[in-house]
Amino acid sequence: NKEQDEEEEESNDRPDFYPPDSLHVVIMMEWGGVPLEKYPLASVTQVYGIMGQVCSSIALAEDVIHFEHRDLHLGNILVRSTHRQ
């Protein structure tokens, strides 16, 4: 609905709001995996594993390079199996 679209649109600041010396990152990948919101989760253990990796990665990036994601949601978390068949 229109009201929900307006809310989602307002959740991110415009780039011109930031100071001129701010750095931004755009990551482009050929295939990073399936968005978590569409990934067929098999078990609670798998959910814990995925969320543990996401939280650890974000925490490390925040601590080491003062990274701030600002748009983290299930559609922005890409999951790919590391098991080879």
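This report describes the fold, core and surface of one predicted protein model.

## Overall layout

The chain has two helices and two strands.

Now look at the contacts between residues at least 6 apart in sequence. Of these, 68% join residues at least 24 apart.

## The core

Buried residues account for 13% of the 85 residues in the chain. In soluble globular proteins, nonpolar side chains tend to be buried together. Here the largest nonpolar core has seven residues: Leu36, Tyr39, Ile50, Val54, Ile58, Ile77 and Val79. Helix α2, residues 44–65, supplies the most to this core, with three residues.

Take Ile58, one of the core residues. Setting aside neighbours within four places in sequence, Ile58 is in contact with Phe67, His69 and Leu72.

## The surface

The accessible surface of the chain is about 8,000 Å². Carbon and sulfur atoms hold 54% of that surface.

Leu41, Val47 and Met51 form a nonpolar surface patch of about 210 Å². Val47 lies in helix α2. Its relative accessible area is 30%, so Val47 counts as partly exposed.

Most residues other than glycine have a negative phi. His66 is not a glycine, yet its phi is positive, at about 55°. Where is His66 placed? His66 is in the loop between α2 and β2, the strand at 78–79. Is His66 buried or exposed? His66 is exposed, because its relative accessible area of 68% is over the 50% cut-off.

Notes
Residues numbered from 1 in each chain as written. Predicted model: local features only at pLDDT ≥ 70, side-chain atom pairs only at ≥ 80, totals over all residues. Heavy atoms only, no water. Core = buried A, V, L, I, M, F, W, Y, C linked by side-chain atoms within 4.5 Å. Buried < 20%, exposed > 50% of the residue type's maximum accessible area, 1.4 Å probe, protein only. Helix = DSSP H or I, 4+ residues; strand = E, 2+ residues; numbered from the N terminus. Contact = heavy atoms within 4.5 Å. Patch = residues over 30% accessible without salt bridge, like charges linked within 9 Å, V, L, I, M, F, W, Y side chains within 5 Å. Areas by Shrake-Rupley, 256 points an atom, 1.4 Å probe, with all protein chains shown as cover. Salt bridge = Lys/Arg side-chain N within 4 Å of Asp/Glu carboxyl O.
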